[in-house]
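This briefing goes through one protein chain by topic. Please look at the display below before reading on.

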Amino acid sequence: MNEEISDINQAAENIIDGEGWGDIIKAIILGKYYWACVLFIHLMGYNPTKYIPPETYLQLLQNNFISPISSEK
């Protein structure tokens, strides 16, 4: 029974919110399939560099990353 509870908790931690899915879908629509995969891996809580070469990951970040809006008002 404890194993079942831990499985449920682990699954709950890896839920992607609506905004995350929106970003993945936008990447797919734009034909940026590698970027969509990186987003999916990242939003699931995993390190993308475990699955793709670090050089490729850095290039994808440079080409697709949108800088966050500063929180200063």
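Predicted model: local features only at pLDDT ≥ 70, side-chain atom pairs only at ≥ 80, totals over all residues.

Residues are numbered from 1 along each chain as its sequence is written, and side-chain values use heavy atoms, with hydrogens and water left out.

**Overall make-up**

- The chain has four helices and zero strands, where helices (H or I, at least four residues) and strands (E, at least two) are DSSP runs numbered from the N terminus.
- Along the sequence the pattern reads α-α-α-α.
- Of the 73 residues, 19% count as buried; buried means under 20% relative accessible area, exposed over 50%, and partly exposed in between (1.4 Å probe, protein chains only).
- The chain exposes about 6300 Å², and carbon and sulfur atoms supply 59% of that area, by the Shrake-Rupley method with a 1.4 Å probe, where for residues only the protein chains shown count as cover.
- Among contacts (heavy atoms within 4.5 Å) between residues at least 6 apart in sequence, 34% join residues at least 24 apart.

**Helix α2**

- The 12 residues of α2 should span 16 Å at 1.5 Å a residue, and the end C-alpha atoms are 16 Å apart, which agrees; the expected span is 1.5 Å times one less than the number of residues.
- G20, I24 and A27 are the buried residues named in α2.
- These residues cover an arc of only 60° around the axis, which puts them on the same side of α2; the arc is that of the directions from the helix axis to the C-beta atoms.
- An α-helix has 3.6 residues a turn, so residues three or four places apart point the same way.
- On the other side of α2, G18, E19, K26 and I29 are exposed.
- The cover over the buried residues of α2 includes α3.

**The aromatic pair**

- The structure holds one aromatic pair.
- W21 and F40 form this pair, which is tilted, with 6.0 Å centre to centre and 50° between the planes.
- Rings of Phe, Tyr and Trp (its six-membered ring) pair if their centres lie within 6.5 Å; planes under 30 degrees apart count as stacked, over 60 as edge-to-face and the rest as tilted.
- W21 lies in α2 (residues 18–29) and F40 in α3 (residues 33–43), so the pair ties together parts 19 residues apart in sequence.

**After α2**

- K32 sits in the loop between α2 and α3 and is partly exposed, at 35% relative accessibility.
- Not counting residues up to four places away in sequence, K32 touches A27, N63 and N64.
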